[in-house]
Amino acid sequence: FPALEAAADAARAAVGGRQDDIYSNLKRHLSNGFDISVQVVGLTEMTDTLRYFDEKEGRVLLSEALDQINRNFQLAHVLALVSCSDLLEELIKDAGIESQIGRARCRVELANYFSAAVLMPYDPVLQLAEDTRYDIDRIAATFGVSFEQACQRLTTLQRKGAQGVPFFFLRLDKAGNVTKRFNATVFTLAEQGGSCPVWNIHSAFAAPGVIVPQFVELPDAGQFFTISRTTDRPVVSRHTQDRRLVVTLGCERSHVTRIGYAAPFNLEDSEITAKIGINCHICARHSCSQRAHQPLHVNLPVDANRRGSTRYES
């Protein structure tokens, strides 16, 4: 979204100050430029809300459950709503979304895009990514963002003449549901259901905070390199513990020489790829030991005299 990138660059210049003072600078800018105050409130006052923007009263309430990284992100989100409302409306109109809920969701996601662009300006984050061979922890530390936020930002670095590695991004919960997806590659992301069990993204839950790399191959022979790691959501009490998700970042195999996480592999070894599908419902691979469902568009042969590796394979 070039127009949002330009608006974010202008907003970051207006906010001013050092990156490590971004929270104070955002608060000051919202106050001076838009007469909006910011207050962190206790969980007893906001039991099920992390951020509330009261436009009428001109104030932003942030839950004390938010860590500093997410407080920064939420203030930048509010800045999008008040500084480029007309641009957001124009982009939503251009999207041609008919439902009211869909337009509201689009506004939220576009404001989130703006927020990430404010916290991680395009040119500096691309330069650091290339210099560090896409060291995501280094990017997150430099710009004061989370691992997940840095991963998402990397999927947007596709400006002509200043392109980063084209990535796709997924976020999954413990049940295998895909809760967020972005894509700048030819990789097909499932719109419904979970992901392929052969893909080791689920293994990341067993090693919290550890990056799990893998080469995978789709049924059309397309090969990709992926990294997966857990990310934690805000916890408000002992009753909401373990709100852990897994985020996955991936690119086509042709780009792996630019990525440090692939360095330990023998990149010439054609056998290092795992044969995966999008998900079981639409995967036509025969004799997969992890098949959980009969594919929707392929009739697998059934022979009562033979038992294959799963109940769907004869």
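Modeller: Buried means under 20% relative accessible area, and exposed means over 50%. The model is predicted.

Colleague: Why is R171 called buried?

Modeller: R171 has a relative accessible area of 10%. The cut-off for buried is under 20%, so R171 counts as buried.

Colleague: What makes E148 buried or exposed?

Modeller: E148 has a relative accessibility of 4%. Since buried means under 20%, E148 is therefore buried.

Colleague: What makes the contact of R171 and E148 a salt bridge?

Modeller: The N to O distance between their side chains is 2.8 Å. The limit is within 4 Å, between a side-chain nitrogen of Lys or Arg and a carboxyl oxygen of Asp or Glu. The pair of R171 and E148 therefore qualifies.

Colleague: Why is R18 called exposed?

Modeller: R18 has 57% relative accessibility. Exposed means over 50%, so R18 is exposed. D20, at a relative accessible area of 54%, is exposed because it passes that cut-off. R18 and D20 form a salt bridge, with the closest N and O atoms 2.9 Å apart.

Colleague: How do you know that R159 and D123 form a salt bridge?

Modeller: Their side chains meet at 3.4 Å, N to O. The limit is within 4 Å, so this contact counts. R159 lies in strand β4 (residues 158-159) and D123 in helix α6 (residues 122-131), and the two are 36 residues apart.

Colleague: Why are R159 and D123 called partly exposed?

Modeller: R159 has a relative accessible area of 33%, and D123 has 48%.

Colleague: How many salt bridges does the structure hold?

Modeller: The structure holds 11 salt bridges.

Colleague: What is the strand order in the open sheet of 6 strands?

Modeller: The order is β7-β6-β10-β9-β8-β11, with mixed pairing.

Colleague: What makes β7 and β11 stand at the edges?

Modeller: β7 (178-183) and β11 (273-275) each have a single partner strand, so one side of each has no neighbour in the sheet. From one strand to the next, the twist averages 30°.

Colleague: How do you know that β8 and β9 pair?

Modeller: Strand β8 (residues 212-217) and strand β9 (residues 223-232) share 6 bridges in the antiparallel sense. Pairing needs at least two bridges, so these strands pair. P213 stands opposite I227 in β9.

Key
Residues numbered from 1 in each chain as written. Predicted model: local features only at pLDDT ≥ 70, side-chain atom pairs only at ≥ 80, totals over all residues. Heavy atoms only, no water. Buried < 20%, exposed > 50% of the residue type's maximum accessible area, 1.4 Å probe, protein only. Helix = DSSP H or I, 4+ residues; strand = E, 2+ residues; numbered from the N terminus. Axes fitted to C-alpha atoms, helices over the stretch in contact; angles between N-to-C directions.
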